[in-house]
Amino acid sequence: MVLTDTHTHLYYETIPEKRAALMQRCIDNNITRLFLPNVDAASVPLVYGLVNDYPQYCYPMLGLHPCDVKENWEAELAAIMDAHQQNKIYAIGEIGIDLYWDKTHLKEQVDAFVKQINWAKSLDLPIVIHCRDAFDEVYEVLKQEADEKLRGIFHCFGGTVEQAQQVIDLNFYLGIGGVVTYKNSGLDKVIPEIDLKHIVLETDSPYLTPVPFRGKPNESSYLVYIAEKVAELHHTSIEKVAGVTTENSRLVFGI
């Protein structure tokens, strides 16, 4: 059984002994494929550092997180785009729109989102979308940019069945994480309606920790609890969920 964490910030742990323990717990739980999104220019070296230490398990992606889009976003993005020459990357992400914390820079977020979508298309790479309190705004951009090259993952999907279908119709997979284990998330009603062929798994560690560790820092080894919950909702085995979702990750990332 191979489980794939399609979205983890495990590189935030920089103490070598703790990081090695995090990675070992992943391996012990069959989580042997980890995809790492940076968030800004400063986090790029952290991503590459973990990838270089664990090249058989870790895969980088690069992008400018919408919460880091400020007045100087073009310079910040230029630094990130330059960094992709250092190493092969497998997606542009995480990118998108976040209106939960701050609506001040909506125009800049949209501009940065569109520019990075076009960057991904130029490299023939998928995108990994961050969307918080902004489904309509993100969906509008995706509809405008939709073509045969636009594809990727809708990270941390938490919407309705109808929204899920809209995302799937645009050639995106749904990233399902720890929220699926929360009692009042509503995903227990949505996930059974979505074929596993449209789902990938993620932790977003150190955030969005699944039950039974909610309230503590998340880590990629906890992906097993997310896989178990999806398996329960689909009345199938964790091995089936692992197999389908890992194959989906291979299709989207090309590895």
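Author: Start with the surface. Y12, L46, Y207 and L208 make a nonpolar patch of about 320 Å². This is a predicted model, where local features need pLDDT of at least 70, side-chain atom pairs count only at pLDDT 80 or more, and totals for chains, interfaces and linings use all residues. Residues are numbered from 1 along each chain as its sequence is written, and side-chain values use heavy atoms, with hydrogens and water left out.

Reader: Why is L208 called partly exposed?

Author: Buried means under 20% relative accessible area, exposed means over 50%, and partly exposed lies in between (1.4 Å probe, protein chains only). L208 has 32%, so it counts as partly exposed. L208 sits in the loop between β8 (199-201) and α8 (223-233). Such helices (H or I, at least four residues) and strands (E, at least two) are DSSP runs, numbered from the N terminus.

Reader: P206 is in the loop between β8 and α8 too. What kind of peptide bond joins S205 and P206?

Author: A cis one, with omega at about 10°. The bond from G93 to E94 is also cis, with omega near 10°. E94 belongs to strand β4. Most peptide bonds are trans.

Reader: What is the strand order in the open sheet?

Author: The order is β4-β5-β6-β7-β8, five strands with parallel pairing. β4 (92-98) and β8 are the edge strands, since each pairs on one side only. Neighbouring strands are turned by 30° against each other on average, direction ignored.

Reader: How do you know that β4 and β5 pair?

Author: Two strands pair if DSSP finds at least two bridges between them. β4 and β5 (residues 127-132) have six, in the parallel sense, so they pair. I92 has I127 in β5 as its bridge partner.

Reader: Which helix lies across β4 and β5, running at about 155° to β4?

Author: That is α4 (residues 106-123). The angle runs from 0 to 180 degrees between N-to-C directions, with axes fitted to C-alpha atoms, for helices over the stretch in contact (heavy atoms within 4.5 Å). Helix α5 (residues 135-145) lies across β4, β5, β6 (152-154) and β7 (172-176), at about 150° to β5.

Reader: Why is H105 called buried?

Author: H105 has a relative accessible area of 9%, so it falls on the buried side of the cut-off. H105 lies in the loop between β4 and α4. Leaving aside neighbours within four places in sequence, H105 is in contact with V69, K70 and E71.

Reader: Is G177 buried or exposed?

Author: Buried: its relative accessible area is 13%. G177 is in the loop between β7 and α7 (187-190). Not counting residues up to four places away in sequence, G177 touches E202 and I226.

Methods. Patches are made of residues with over 30% relative accessible area and no salt bridge: like charges are joined within 9 Å, nonpolar side chains (Val, Leu, Ile, Met, Phe, Trp, Tyr) within 5 Å. Accessible areas come from the Shrake-Rupley method with a 1.4 Å probe; for residues, only the protein chains shown count as cover. A salt bridge is a side-chain nitrogen of Lys or Arg within 4 Å of a carboxyl oxygen of Asp or Glu.
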